[in-house]
Amino acid sequence: MPLDTSTYSLALLRLDGRRWNELRRMHAQISTQLTADGSSYLEMGNTKVICTVAGPAEGRRAGGGGGTGGDANAMVQVEIGIAGFSGVDRKRRGRGDKRTSAMQMTIANAFSNTLFTHLYPHSTILITLHVLSQDGSLLAACLNAATLALIDAGVPMSDYVAACTSGSTSSYSSNDEAADPLLDLNGTEEQELPFLTVGTLGAGEKVSVLVMESRVQATRLEGMLAVGVDGCKQVKEILDQIVRRHGKRILESVET
């Protein structure tokens with residue numbers, strides 16, 4: 001069933017009640033798995049992801065998902081497991097799934113350039129992501145969850161990798177030049193509208209991840225990217241608050 005976008009220009013509200021530049025509810029926890037070196041649980045709307053980090057551990061790990069790194073640097077490897085019940089179609093994705101492999105490589109490349117991998121030569125940092133529920137912004141949720149888990153593991157990094165999605169209110173075929181950008185698309189919007197995933201370093205505008213899997217007019221791309229970068233700044237503030245609250249709880253527990 002096509003997505004009804006006729007109300008966007010009239011009420012300036014989307015189907016879930018948000019305005020065009022509003023993020024969905026974002027909730028996260030750190031140190032959710034005591035047996036892991038670092039772990040996190042993150043929700044972006046109804047998209048829910050668990051992340052664990054193992055390492056840096058000496059030695060190379062054979063096989064697995066996407067990985068990058070040379071002998072002089074630590075290798076960052078990413079494995080993504082998507083639960084069969086996470087989506088509406090209940091499709092079970094295998095290890096060779098093309099989209100999953102592309103996400104693994106994107107996340108590995110992003111953190112290989114952000115982590116101080118030169119401090120851990122001949123080592124491996126394994127990031128494992130478990131997707132429990134999908135409702136849009138899956139790659140962005142994985143990047144944000146991995147950022148929190150790496151911070152929990154104490155792996156030094158230059159800054160937060162904060163990510164979100166942005167899209168357009170009109171599809172490519174409609175060729176509507178007056179289409180407006182949207183921030184943080186849900187699953188229904190992603191199925192019908194062009195969108196991109198952008199990740200930035202910290203509160204600045206340095207883009208570390210930019211992935212677009214749909215077609216859109218070039219004239220709309222700049223507006224979508226600007227809205228996405230602004231959304232990443234909001235996400236970074238939320239992630240920073242989560243880390244600070246967790247650190248405050250640790251200090252209080254030590255003092256008592």
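Four strands form an open sheet in the order β8-β7-β9-β10, and their pairing is antiparallel. The edge strands, β8 (181–183) and β10 (207–212), each pair on one side only. From one strand to the next, the twist averages 25 degrees. The model described here is predicted.

- Strand β7 (residues 161–168) pairs with β8 in the antiparallel sense, over three bridges.
- Within that pairing, Ser168 has Pro181 in β8 as its bridge partner.
- β7 is also joined to β9, by seven bridges, and these two strands run antiparallel.
- Gly199 in β9 is the bridge partner of Ala163.
- β9 is joined to β10 by five bridges, again with the strands running antiparallel.
- Opposite Val198 stands Leu210 in β10.
- β9 and β10 form a hairpin with five residues between the strands, and in this hairpin Gly202 takes a positive phi near 65 degrees.

- Because seven of the seven residues of β9 are buried, the strand is largely enclosed by the rest of the structure.

**Helix α3 with helix α5**

- Helix α5 (residues 218–255) packs with α3 at an angle of about 30 degrees, and the two axes are 11 Å apart.
- Angles under 35 degrees count as roughly parallel, and α3 and α5 are therefore roughly parallel to each other.
- Their crossing is right-handed.
- On the α3 side, Asn144, Leu148, Ile151 and Asp152 take part, and they meet Val235, Leu239, Val243 and His246 in α5.
- The residues of this contact of α3 with α5 comprise five nonpolar, two polar and one charged.

**Helix α2 with helix α3**

- Helix α2 (residues 98–112) and α3 have axes that come within 11 Å and cross at roughly 40 degrees.
- α2 and α3 are therefore oblique to each other.
- The crossing of α2 and α3 is right-handed.
- From α2, the contact is made by Arg99, Met103, Thr106, Ile107, Ala110 and Phe111.
- From α3, Leu138, Leu139, Cys142, Leu143, Ala146, Thr147 and Leu150 take part in the contact.
- Ten nonpolar residues, two polar and one charged make up the contact of α2 with α3.

**Leu239 in helix α5**

- Leu239 has its place in helix α5, and Leu239 is among the α5 residues that meet α3.
- With a relative accessible area of 0%, Leu239 is buried.
- Apart from its neighbours within four places in sequence, Leu239 is in contact with Met26, Leu42, Asn144, Leu148, Tyr160, Val161 and Ala162.
- Leu239 and Ala28 are 8.1 Å apart in space, C-alpha to C-alpha, although 211 residues apart in sequence.

Conventions:
Residues are numbered from 1 along each chain as its sequence is written. This is a predicted model: local features need pLDDT of at least 70, side-chain atom pairs count only at pLDDT 80 or more; totals for chains, interfaces and linings use all residues. Side-chain values use heavy atoms; hydrogens and water are left out. Two strands pair if DSSP finds at least two bridges between them. Axes are lines fitted to C-alpha atoms, for helices over the stretch in contact, and angles run from 0 to 180 degrees between N-to-C directions. Angles under 35 degrees count as roughly parallel, over 145 as roughly antiparallel, 65 to 115 as roughly perpendicular and the rest as oblique. A crossing is left-handed if the near helix is turned anticlockwise from the far one by less than a right angle, and right-handed if clockwise. Contact means heavy atoms within 4.5 Å. Ala, Val, Leu, Ile, Met, Phe, Trp, Tyr, Cys and Pro count as nonpolar, Asp, Glu, Lys and Arg as charged, and the others, Gly among them, as polar. Buried means under 20% relative accessible area, exposed over 50%, partly exposed in between (1.4 Å probe, protein chains only).
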